[in-house]
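Dear colleague,

I am handing over a structure that I would like you to read alongside the notes below. Please keep it open while you go through them.

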Amino acid sequence: MSIPAPVSRRALPGHQIVLGDRDKLRLDSGIEFGPFTLAYQTYGELNADKSNAILVCHALTGDQYVADDVHPITGKEGWWRAIVGPGKIIDTEKYFIICTNVIGGCLGSTGPKEINPETGKPWGLDFPVITIGDMVRAQTMLIDHFGIDSLFAVIGGSMGGMQVLEWCKSYPERVFAAAPIATSYRHSAQNIAFHEVGRQAVMADPDWCGGNYLLEGKKPARGLAVARMTAHITYLSEPVLHRKFGRKLQNRGGITYSFDHDFQVESYLRHQGKSFVDRFDANSYLYITRAMDYFDLSVEFDGRLAEAFRGSNTRFCVISFSSDWCFTTAESRRLAHALNAASCNVSCVEIESDKGHDAFLLDEPDFHMVLSGFIEGAAEARGLK
Amino acid sequence: MTQTPNQGAVNAPSATPSDRIRVDLQLIADMVEPGTRVLDIGCGDGELLGYLKRTKNVDGRGLELSNEGVRNCVAQGLPVMQGDADRDLLDYPNGAFDYAILSQTLQATNRPREVLGELLRIGRKAIVSFPNFGHWRARFDLMFHGRMPQNPNLPIMWYETPNIHFCTVRDFVALCKDMDLVIERSMVLNESGSKVSLGSHSALANFFGNQALFMLSKKG
């Protein structure tokens, strides 16, 4: 694989803001961090009383380009263009939508590939370990910058859903409505295991160079591609893989008795891996997967998850997908039960789908119907016209 | 889980054209004080919840087993949990609601007695409706045809029905007594779902009532 030219931060379209200049960001690890940069996109307009802001939180390998027509790197549409836009479920004509690239990310926010001002070199593994809590605390600084006291809604899937829950636990008075989608209040042992496989693949690549690949002019493309291939399988389901590829061969009449990519599913995964390394930084992948692994909202309450939501007035809509084995409906139910036990206003829906974890990014009419009903109901309660 | 009576065409006489709900649901709604907190267990498509929200400014929540029901409720902006009355009521805190409503669902639960107890742990008052197996037609079917009753209120054949614990008005009153529950209000409905003006304790109510409706509270 060729080494793609690194994308310059300045070349990225959209907004960037320096935060934590005076009041630094206090990381969960105890480090006072700052100043740091957050890259973000906004869509629509903030109303006069600042009551119509929706924060959309992205998943592990997502970014701030949630609703752009053209993503600056992939050239495709924004990752939730089906849902966010004029007249869509998250209506940019009605709401002010904010989406930030998380801290530790690699698309304009401060992360391991950016320059450490103290050394003048890329952070690499000197970048502090971050958590979902740190990502959210960084986001609050941006929300403060906009002068928004209370967000109308915080919405996100997968890791984005973890951020949603973290917001609801740490800043309940700032979240009117919350939709944690295809997510969990803690990362499961199985998911941690898959992440570890991915990290080991990156670190086993000789081009990783102990995390200093940028200085060495290299890129652990093979390791990162393997990490992505593994992860990608967990985002799908057997029915969807079978429907797409079955055991069909790739442009050949028979098997080759070699380790070439005979099967279509192999070509597909190789393509997924390759296109991923073109747009994502390997060290960012290590840091962000670690943040997800550490996530457990119940841990500071001795496992009593309901305590995390005690007294919350947020309206919740917990959505899961029946074939998602990465973040199962059972986990969503546990979350919903805890919200119930805390007397929260909660809806909990499992959407029938055979598309696995990725269903939240795809065209699923039942999911869209539920999310739109929830947002409209909440808007009515908030008095948003 | 609810075996819905086939009464969609019958509407409450007092309802406006835009707000017509099934007549038995209307009678339940009439018992609910405005501005209260209501849990509707087995809420189906949210007909009662939506009505209570629109007309009585009720803070309503639902519990529903079917995917389709939950989806439809949430799509209308109603907060509904997907779940099972037999299992998931345990998750609700004590006294979280003013009313816990169980409409046409008790007979489909595995443990009606425990479910009834849960209703009055979660809610200050419980409103329960169920098809009356003591109705003369049910008795007639069994007595003279030797067949399980089938009628608009019990439309499904015995081998397909989700209902597993049938009772009569008398059975229910006996259970309430056994559990030390106070029957605050009771009524029976005829086959078209309209109120029958008979006392619920009377044998006549048990004989002529097609459905029964009770409002219960705990003693003391």
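What follows is a description of what was found, arranged by topic.

Please bear in mind that this is a predicted model, in which local features need pLDDT of at least 70 and side-chain atom pairs count only at pLDDT 80 or more, whereas totals for chains, interfaces and linings use all residues. Residues are numbered from 1 along each chain as its sequence is written, chains are lettered from A and ligands numbered from 1 in the order in which they are written, and side-chain values use heavy atoms, with hydrogens and water left out.

**Chain B as a whole**

Chain B has eight helices and eight strands, where helices (H or I, at least four residues) and strands (E, at least two) are DSSP runs numbered from the N terminus. Of its 220 residues, 56% count as buried, and buried here means under 20% relative accessible area, with exposed being over 50% and partly exposed in between (1.4 Å probe, protein chains only). Chain B exposes about 9600 Å², of which carbon and sulfur atoms supply 52%; accessible areas come from the Shrake-Rupley method with a 1.4 Å probe, and for residues only the protein chains shown count as cover. If we take contacts (heavy atoms within 4.5 Å) in chain B between residues at least 6 apart in sequence, 67% of them join residues at least 24 apart.

**A helix and a strand of chain B**

Helix α3 of chain B covers residues 67-75, and its buried residues are Asn67(B), Gly69(B), Val70(B), Arg71(B), Cys73(B) and Val74(B). These buried residues pack against elements of both chains, namely β13 (315-321), β14 (345-351) and α9 (365-382) of chain A, together with β2 (59-64) and β3 (80-82) of chain B. After α3(B) comes Gly77(B), whose phi is positive, near 85°.

Asp40(B) is found in strand β1 (residues 37-41) of chain B. How far away is the nearest side chain of opposite charge to Asp40(B)? Asp40(B) is buried yet has no salt bridge, and that nearest side chain, Arg22(B), is 8.9 Å away. For charge, Lys and Arg count as positive and Asp and Glu as negative, while His and the chain ends are not counted; a salt bridge is a side-chain nitrogen of Lys or Arg within 4 Å of a carboxyl oxygen of Asp or Glu. Not counting residues up to four places away in sequence, Asp40(B) touches Leu48(B), Leu49(B), Arg61(B), Gly62(B), Leu63(B) and Ile101(B).

**Nonpolar cores**

A nonpolar core is a set of buried Ala, Val, Leu, Ile, Met, Phe, Trp, Tyr and Cys residues joined through side-chain atoms within 4.5 Å. The largest has 111 residues, and those that touch the most other members are Phe309(A), Leu89(B), Phe172(B) and Leu216(B). Apart from it lies another core, of 44 residues, including Cys99(A), Phe321(A), Ala379(A) and Leu384(A).

**Salt bridges**

Over all chains, the count comes to 30 salt bridges. Lys169(A) and Glu166(A) form one of them, their closest N and O atoms being 3.7 Å apart; because they are three residues apart in helix α2 (residues 159-170) of chain A, about one helical turn separates them. Both Lys169(A) and Glu166(A) are buried.

Asp293(A) also forms a salt bridge, with Arg199(A), at 2.7 Å between the closest N and O atoms. Asp293(A) lies in helix α7 (residues 282-294) and Arg199(A) in helix α3 (residues 189-204) of chain A, so the pair ties together parts that are 94 residues apart in sequence.

The side chains of Asp354(A) and Arg243(A) meet in a salt bridge at 2.4 Å, N to O. Asp354(A) is partly exposed at 28% relative accessibility, and Arg243(A) is partly exposed at 48%.

**Cysteines**

How many disulfides are there over all chains? The count comes to zero, a disulfide being a pair of cysteine sulfur atoms within 2.5 Å. The sulfur of Cys209(A) is 18 Å from the closest cysteine sulfur, in Cys106(A), which is too far for a bond. Cys317(A) is in no disulfide either, as the nearest cysteine sulfur, that of Cys348(A), is 8.3 Å away.

With best wishes
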